[in-house]
Amino acid sequence: MSVNQHTHAGPPYGQPQPGYQGYQQPAYGGQPLPGVPHAQYGAYNGPMPGYQQPVPPQGYFPSLGFPSKGSPVSLNSDTSLAPNFIGSVRALPTSGAPPPASGTSLPSGHQGYSQFGQGDVQNGIPTSTAPMQRPPASQPFLPGSAPAPVSQPSTFQQYGPPPSSVQQLSNHMAGMTIGSTSISAPPPAGLGYGPPTSVPPVSGSFSATGSGLYTPYTASQGPPPPSVPQGLPLAQPPFSGQPVPTQRLPTEVPGFAPPPSSTGIGPSSYPPSTGAPRLPPMPGPPLSGQTVAGPPMSQPNHVSSPPPPSTLSGPQPGLPMSGLHGPPPPTHPPQPGYQMQQNGSFGQVRAPQPNYGGAYPGTPNYGSQPGPPPPKRLDPDSIPSPIQVIEDDRSNRGSEPFVTGVRGQVPPLVTTNFLVKDQGNASPRYIRCTSYNIPCTSDMAKQSQVPLAAVIKPLATLPPEETLPYLVDHGESGPVRCNRCKAYMCPFMQFIEGGRRFQCCFCSCVTEVPAHYFQHLDHTGKRVDFYDRPELSLGSYEFLATVDYCKNNKFPSPPAFIFMIDVSYNAVKSGLVRLICEELKSILDYLPREGNMEESAIRVGFVTYNKVLHFYNVKSSLAQPQMMVVSDVADMFVPLLDGFLVNVNESRTVIASLLDQIPEMFADTRETETVFGPVIQAGLEALKAAECAGKLFIFHTSLPIAEAPGKLKNRDDKKLINTDKEKTLFQPQTSFYNNLAKDCVAQGCCVDLFLFPNQYLDVATLGVVTYQTGGSIYKYAYFQLETDQDRFLNDLRRDVQKEVGFDAVMRVRTSTGIRATDFFGAFYMSNTTDVEMAGLDCDKTITVEFKHDDKLSEDSGALLQCALLYTSCAGQRRLRIHNLSLNCCTQLADLYRNCETDTLINYLAKYAYRGVLNSPVKAVRDSLINQCAQILACYRKNCASPSSAGQLILPECMKLLPVYLNCVLKSDVLQPGPEVTTDDRAYIRQLVTSMDVAETNVFFYPRLLPLTKADVDSDSLPAAIRNSEERLSKGDIYLLENGLNIFVWVGVNVQQGLIQNLFGVSSFSQISNTLSTLPVLENPFSKKVRSIIDMLHLQRSRYMKLIIVKQEDKLEMLFKHFLVEDKSLTGGASYVDFLCHMHKEIRQLLS
Ligand SMILES: [Zn+2]
């Protein structure tokens, strides 16, 4: 194929088309604010001229209306335009527009883009025999033609420059050696923080982090491996420079003894290594058959993922865990020299780090050095660091676009800022997989225990530099599909017989090409209109659906939003009702709209309720709104049809009047009881009557105990924790809401729930309808106007404005050999294949697990096609299609080399969080540990080069699996602390189920930034550090965020000047820990910190709660809960301990 051959194809995608600039991304904006220049997103100009020729009926329309969550927002500019929206998480129309170029200049980047596309993508799409090379003429289609140069630094440079202080060893951590069976050293006491650094681990003074409690793994640590912990001379000043000759002979340790009870393991976070019942998550025989031997093979498809495969099992079997031979468990007699070792090592370990590098490369003598073990602790710096992995990926892969033309290519990490160029496979923003190279056979898959799953975010927001999916209109005939499996036309379909038929890439069935769709093939067998048609050349695109795809064969009406406000005593007294009504007055002008529409097509309605419901007639012809009360809640009906759902502009004055009156009407209410079921029923009935889909926004404060359908009782019982009945806390207490949810889904009635509880209100039950309709849930416990209104209002604004598809059905088709078998997320399923959602917004993901039903072949690979049928916010019925091709392998090493641990963790967390509904939490934890141990053991057995059993060897792509897994195990759902409420756990469980990979990544391993290290003159963030108390210095201020909260931690020794600059007070003691925002102060440090916080808010789908934590203050316990590398107060293991535990588990599997 010649690249020039298709130059004629250029115009369609090409030419900076005014209309494309109009890819208006209005979802955050709805209508432009008055007086705001709207040029960048100029009006949609209709179909591209270039499209009309080659494409039969109407040509492509840009798919309008998806928000750009990532678009940089200038807060300053917002300030002047829309005071109400300062600091909000989503961009208003104006801020959605690219700001004046600053920093990175994209145009030049796009040049590289084009070249990349031309030169590097040789494999093309599997079904096209020729390499998929986009002709030059089509290059303008690339984001290079995007409306304006966009500055991305503020949005994307999330982590700033790599931390210079982080030691570089992790690069080489292809494997590591855990040489010891007696790993019992406590974590380092930290640098200048916490208790005296020289305190021996077993002393009581480490109570918070429980250094004395590290022995759990000690005694049960299996026979000591012959490998010798390498002396890390510099980490251990007393031994500086000496190779530490150590080898523990296997005989030295009896092995596998249960942990001595005297070690203070607390509520054991892990079962004894033997004898504990396990629930193997999959039936496959663990590690049976070593059929796959394996030295890692070279892998052409694997693009630039550092480090080279050879390190996986090459001559470097791995880094020794040097400090492994920590202090023996208390039951052992103290060894001479021991204390000295500790004294020398604690607290000072890190200083000599730079020399680590020198110590490792050699490592040849492991296992051969005689002598007593050096009683060193396992140095946290010698185990895989999430920070390092993130930094490495950013520097290796963040500089060039990720081009999707290559099958099975592993994308950069979610923490890396990169642009995506669609060349035939869906962007990783839409689909991420646990592995991009899947085993050819079921046996292999079972052997590895690596789950095969895709995390799909069908309506994901794209950064403004990337092109939204094109909308293809095939007119009345609708999209072209396979006759048998009904897969949609996609780049992998193979045209044959001169283009008259095509063979399905999913089921191999041959289908006649409809006459209107016929096109000739070129000499490579590719249609000559290949580049003119998104569905032939791109991974993601949309089809306009015909009436056949609509309910009752009728095109849908535009959706409606119904706001339903609890006006019981608590809601009124707290000021909530007034706040909501005030906010609605302005927010109604920002309803989602199609980019080319003057105003939103969404109609609105209002209901208030306590024990009874009040409906409001806000018809435009009325002078005043009218209220109708329904007190018979047992059989809910809607008392008015005409005038309930209205156009905002037409009824503006009546609505404003209503919103003014509601707080007054209920100001003196004494009603404390509420109903809940009838509220949803009312919304549902209203939508039914209006024959449309829609969304209910319910603002609710209490357990619905009033007599009504769906009435609940308080059944909270924390005593059930750690019992077999714990699962009931996660289950709804009645099936009423499940049945209601089913009706809601049938109508396309999505329920978003804003909860303001002062006590238990049974999130597990109230959330059922929200969950099954694809809605969102927000919880503001002990809501206080002063501290929580910003967060609530920002969430509400974003929730109202964000892009959402209604009445959605998603199906994932796969090529022969695998099929989708399991689904996780917020949806309803009435059969085994169709995922139904009353609403699906841009933040929601659906996770799909695949299983083999036949053999796969390396040649043809495996294909996924996700098709989402939905109704847009203007009532247009559409199909969004995402395609992804994966490699298949016959060697396990290929599987392990193309895994994505962040996605794996996302899947495992969801799997576990669902598991708690049916199994004891402990069993779920054990099952997770067991599965991961099997994954790693299989690698060790089949892929790593032979080495001592004492070595822990981790696959490069999974070296963070243990640390992240430990975070999941320690999370509130699986291991709650005493302060975590039942509602909190149900809430988190529900949130995580819909999270994308980036969200779970930061949720389980929060981002910790040293604010005092920030460069106030740059846009970048300070380099993140690892989540451990020992990384904190009492002279610094840190920020920790996990997607739900932002903590600002202030050390006791922070300079007074910094405190003054940030908090506006003169001393540490004067800092108020009740602040919910930082004061606005005119100095560089304050500005910098506030800009960092604003930037973080923009990256998250929820507005995070800001919590100020002073060192040694009570709240610090809460903060420490998020230092996930440390031992947790609730018994969760430290990273170091958990790694040792995993090692033990793996060794058991291998022995
Ligand atoms: Zn087919």
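One term before we start: a residue is buried when its relative accessible area is under 20%, exposed when over 50%, and partly exposed in between. Keep in mind that this is a predicted model.

Cysteine 482 has a relative accessible area of 1%. That is under 20%, so cysteine 482 is buried. Cysteine 485 comes in at 22%. That value falls between 20% and 50%, so cysteine 485 counts as partly exposed.

Both of them hold metal. The zinc ion is coordinated by the SG atoms of Cys482, Cys485, Cys504 and Cys507. The distances run from 2.2 to 2.3 Å. Along the chain, the donor spacing reads C-x2-C-x18-C-x2-C. What is the geometry of the zinc site? Tetrahedral, with angles of 100 to 114° among the four donor atoms. For reference, the ideal angle for four tetrahedral donors is 109.5 degrees.

Next, helix H27, residues 997-1004. How many of its eight residues are buried? Seven, so the rest of the structure largely encloses this helix. Among them are Val997, Val1002, Phe1003 and Phe1004, but also Glu999 and Asn1001. Aspartate 996 caps the N-terminal end of H27. One of its side-chain oxygens sits 3.1 Å from the backbone nitrogen of alanine 998.

Now zoom out. The protein chain has 1151 residues, and 66% are buried. It contains 31 helices and 31 strands. Take contacts between residues at least 6 apart in sequence: 78% join residues at least 24 apart. The chain exposes about 37,000 Å², with carbon and sulfur atoms supplying 53% of that.

Technical notes: Residues are numbered from 1 along each chain as its sequence is written. This is a predicted model: local features need pLDDT of at least 70, side-chain atom pairs count only at pLDDT 80 or more; totals for chains, interfaces and linings use all residues. Side-chain values use heavy atoms; hydrogens and water are left out. Helices (H or I, at least four residues) and strands (E, at least two) are DSSP runs, numbered from the N terminus. Buried means under 20% relative accessible area, exposed over 50%, partly exposed in between (1.4 Å probe, protein chains only). Contact means heavy atoms within 4.5 Å. Accessible areas come from the Shrake-Rupley method with a 1.4 Å probe; for residues, only the protein chains shown count as cover. Donors are N, O and S atoms within 2.8 Å of the metal (3.2 Å for Na, K and Ca); water is not among the atoms, so sites may look incomplete. Four donors count as tetrahedral if all angles lie between 85 and 135 degrees; four count as square planar and six as octahedral if opposite donors are over 155 degrees apart and all others between 65 and 115; anything else is irregular. A polar contact is a pair of N or O atoms within 3.5 Å; within protein, one must be able to donate a hydrogen and the other to accept it, and residues adjacent in sequence count only if both atoms are side-chain atoms.
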